[in-house]
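Please keep the structure in view while going through the numbered points.

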Amino acid sequence: MASVKLTKNELKNQKDALKMYRRYLPTLTLKKQQLQAEIFAIRAKAAAVRKAREDLERGFEAWIAVFSEQAAFPQGVVTVRNIRRGEGNIAGVAIPTYEGADFSRGDYDLYETPLWVDMAANHMEKALSLDLEAEVLEEQVRLLEAELRATSQRVNLFEKVKIPETEENIRKISIYLSDQQVNAVVRSKIAKRKIAARNDAASERQVASL
């Protein structure tokens, strides 16, 4: 614990600091709880997106074998042309949001290419879109977890360090000032008794000289 000045001004400073810590701590605690809830919700959403991706694959299992036939399925038939991202805000943290994606289809002969290639391309676009959405959700979790760590550190700092330290400083200064006040009263009484004794002695000398 750092040393503090044992003065009335320092006592006021410490009391003001304690009020500030106690005022901000509930806000920080609420932010911590909000971040925890949001992270839990986003993780659940990301899990749902990944499950949707897996369900899509399972529903298209009949085509997986076809995908492996390089000669039958054109390379680069689907590419991501643009990822549309927005920006959200959770508990003061700027996060990216997934708004969708634009895809490009490779050039292939519509007459010579089997019809299932278009169906497979549609499937790939949906799968890629779900992958991109999951990536954005995971990025949201990373950003919010970083903020949660910082917020948790501040809560712990206030709860376990700053508030107890400031309370101890206030106690120490108050005891010192109280002792000083008692000592001042005692010195004042002693001084008054000495003055009274000198006055009494002077009066006695005056009476004796008459």
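1. Arginine 23 lies over the face of tyrosine 24, at 5.2 Å from the ring centre. A charge is taken to sit over a ring if NZ of Lys or CZ of Arg is within 6 Å of the ring centre and within 35 degrees of the ring normal. The structure also holds 1 aromatic pair, where rings of Phe, Tyr and Trp (its six-membered ring) pair if their centres lie within 6.5 Å, with planes under 30 degrees apart counted as stacked, over 60 as edge-to-face and the rest as tilted.

2. On the source: this is a predicted model, in which local features need pLDDT of at least 70 and side-chain atom pairs count only at pLDDT 80 or more, while totals for chains, interfaces and linings use all residues. Residues are numbered from 1 along each chain as its sequence is written, and side-chain values use heavy atoms, with hydrogens and water left out.

3. The protein chain has 3 helices and 2 strands, arranged along the sequence as α-α-β-β-α. Helices (H or I, at least four residues) and strands (E, at least two) are DSSP runs, numbered from the N terminus. Of the 210 residues, 28% count as buried; buried means under 20% relative accessible area, exposed over 50%, and partly exposed in between (1.4 Å probe, protein chains only). Among contacts between residues at least 6 apart in sequence, 76% join residues at least 24 apart, a contact being heavy atoms within 4.5 Å.

4. Helix 1 has 52 residues and reaches 76 Å from its first C-alpha to its last, close to the 76 Å expected at 1.5 Å a residue. The expected span is 1.5 Å times one less than the number of residues.

5. Which residues of the largest nonpolar core touch the most other members? They are Leu35, Ile42, Ile90 and Leu144, in a core of 15 residues. Helix 1 (8-59), strand 2 (93-105) and helix 3 (116-209) each give two or more residues to this core, and helix 3 gives the most, with 6. Such a core is a set of buried Ala, Val, Leu, Ile, Met, Phe, Trp, Tyr and Cys residues joined through side-chain atoms within 4.5 Å. Beyond its neighbours within four places in sequence, leucine 144 is in contact with Leu35, Glu38, Ile39, Ile42, Ile90, Val93 and Ile95. Apart from this core lies another, of 12 residues, among them Val4, Leu11, Val155 and Ile170.

6. Threonine 166 is placed in helix 3. Is threonine 166 buried or exposed? Its relative accessible area is 4%, so threonine 166 counts as buried. Setting aside neighbours within four places in sequence, threonine 166 contacts Gln14, Ala17, Leu18 and Tyr21.

7. Glycine 100 lies in strand 2 and is buried, with a relative accessible area of 10%. Leaving out neighbours within four places in sequence, glycine 100 contacts Asn82, Ile83 and Arg84. Leucine 132, in helix 3, is 32 residues from glycine 100 along the chain, yet their C-alpha atoms are separated by 8.4 Å.
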